[in-house]
Amino acid sequence: MLNLKQIRYCLDQMEQMFPDAECELVHDNPFELVIAVLLSAQCTDVLVNKVTKSLFEKYKTPEDYLAVSVEELQQDIRSIGLYKNKAKNIQKLCRSLIDEYDGIVPETREELTSLAGVGRKTANVVMSVAFGEPAIAVDTHIERVSKRLGICRWKDSVLEVEKTLMRKVPKEEWSATHHRMIFFGRYHCKARNPNCSECPLLDICREGQKRMKKEK
Ligand code: SF4
């Protein structure tokens, strides 16, 4: 497992590699971000952005999503995986926003996770990106990178990964680290073909060392 000094080194290298890492889901306000994150479950940001381009022109408010049938909304997002359930959740979420929050996206984790289709990861993204609250939303990239490097244990749950990162990364760096680690996982330490041979972290990475030995 990496010590704090080594983790510091990882964070600094990721910053150098991806200084401008940020949320890649296109949105203009917290409401659009919630919808985009909800749609992004098990789906790429690129595909979500393709769909939300026209979706956000047609639907601007929670009321707009409730003014159509669920079948119509499903058709509007049908190229996205799990679109049937996601359309249902969007309408439920819009209903709750109107009934309980005056149509405005709430800012706390507890309130956000009370909305349909919004789990801890989505809530963390919204808190961090829309409201500037420090949070680390652990997605598949962050989980993989943290485990490969040995910041977290292989057997850790997603929640354990989040808690470990919150303990080992300075709070003021949580949100930036979240984006940089996603970029690092998405574009460099990829699931299938991590670029170990050109990785600045190879010397301290347990997974990279293992892979390089196998290649010899
Ligand atoms: S050495 Fe390989 S596995 Fe380790 S962080 Fe770099 S790319 Fe990922």
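## F184 and its contacts

In this predicted model, F184 touches M14, M17, F18, V145, C189, C199 and L201, leaving aside residues up to four places away in sequence. The residue belongs to helix α11, which runs over residues 174–187. F184 counts as buried because its relative accessible area is 2%, and the cut-off for buried is under 20%.

F184 can also be placed relative to D139. The two are 45 residues apart in sequence, and their C-alpha atoms are 12 Å apart in space.

H178 is another residue of helix α11. Is H178 buried or exposed? Its relative accessibility is 3%, so H178 counts as buried. Not counting residues up to four places away in sequence, H178 is in contact with V125, S128, A135, I136, A137 and I142.

## Helix α9

Helix α9 is largely enclosed by the rest of the structure, because eight of its 10 residues are buried. The buried ones are H141, I142, R144, V145, S146, K147, R148 and L149.

Which helices do the buried residues of α9 pack against? They pack against α1 (4–17), α10 (158–168), α11 and α12.

The ligand takes up the space of the largest cavity. The elements that contribute two or more residues to the shell around the ligand are α9 (140–149) and α12 (206–215).

The ligand is surrounded by 13 residues, and the closest are C189, C196, C199, C205 and G208. Sorted by class, the shell holds eight nonpolar, three polar and two charged residues.

## Helix α6

Helix α6 covers residues 83–101, which makes 19 residues. From its first C-alpha to its last, α6 reaches 25 Å, close to the 27 Å expected at 1.5 Å a residue. The buried residues of α6 are K86, A87, I90, Q91, L93, C94, S96, L97 and Y101.

What covers the buried residues of α6? The covering elements include α2 (30–39), α4 (62–66), α5 (70–76) and α7 (109–112). After α6 comes D102, which has a positive phi, near 55°.

With a relative accessibility of 33%, G81 counts as partly exposed. L82 also counts as partly exposed, at 48% relative accessibility. The class lies between the cut-offs of 20% and 50%.

G81 and K216 are 135 residues apart along the chain, and 40 Å separates their C-alpha atoms.

## Positive phi angles

Most residues other than glycine have a negative phi. L82 is not a glycine, yet its phi is positive, about 60°. Q42 is not a glycine either, and its phi is positive, about 55°.

Where does Q42 lie? Q42 is in the loop between α2 and α3 (45–58). At 76% relative accessibility, Q42 counts as exposed, since the cut-off for exposed is over 50%.

Notes. Residues numbered from 1 in each chain as written. Predicted model: local features only at pLDDT ≥ 70, side-chain atom pairs only at ≥ 80, totals over all residues. Heavy atoms only, no water. Helix = DSSP H or I, 4+ residues; strand = E, 2+ residues; numbered from the N terminus. Expected span 1.5 Å × (residues − 1). Buried < 20%, exposed > 50% of the residue type's maximum accessible area, 1.4 Å probe, protein only. Contact = heavy atoms within 4.5 Å. Near = heavy atom within 4 Å. 1 Å grid on protein atoms, 1.4 Å probe; cavity = no way out; pocket = protein on both sides within 12 Å on 5 of 7 lines; lining within 4 Å. Sits in = over half its atoms within 2 Å of the grid points. Nonpolar A, V, L, I, M, F, W, Y, C, P; charged D, E, K, R; others polar.
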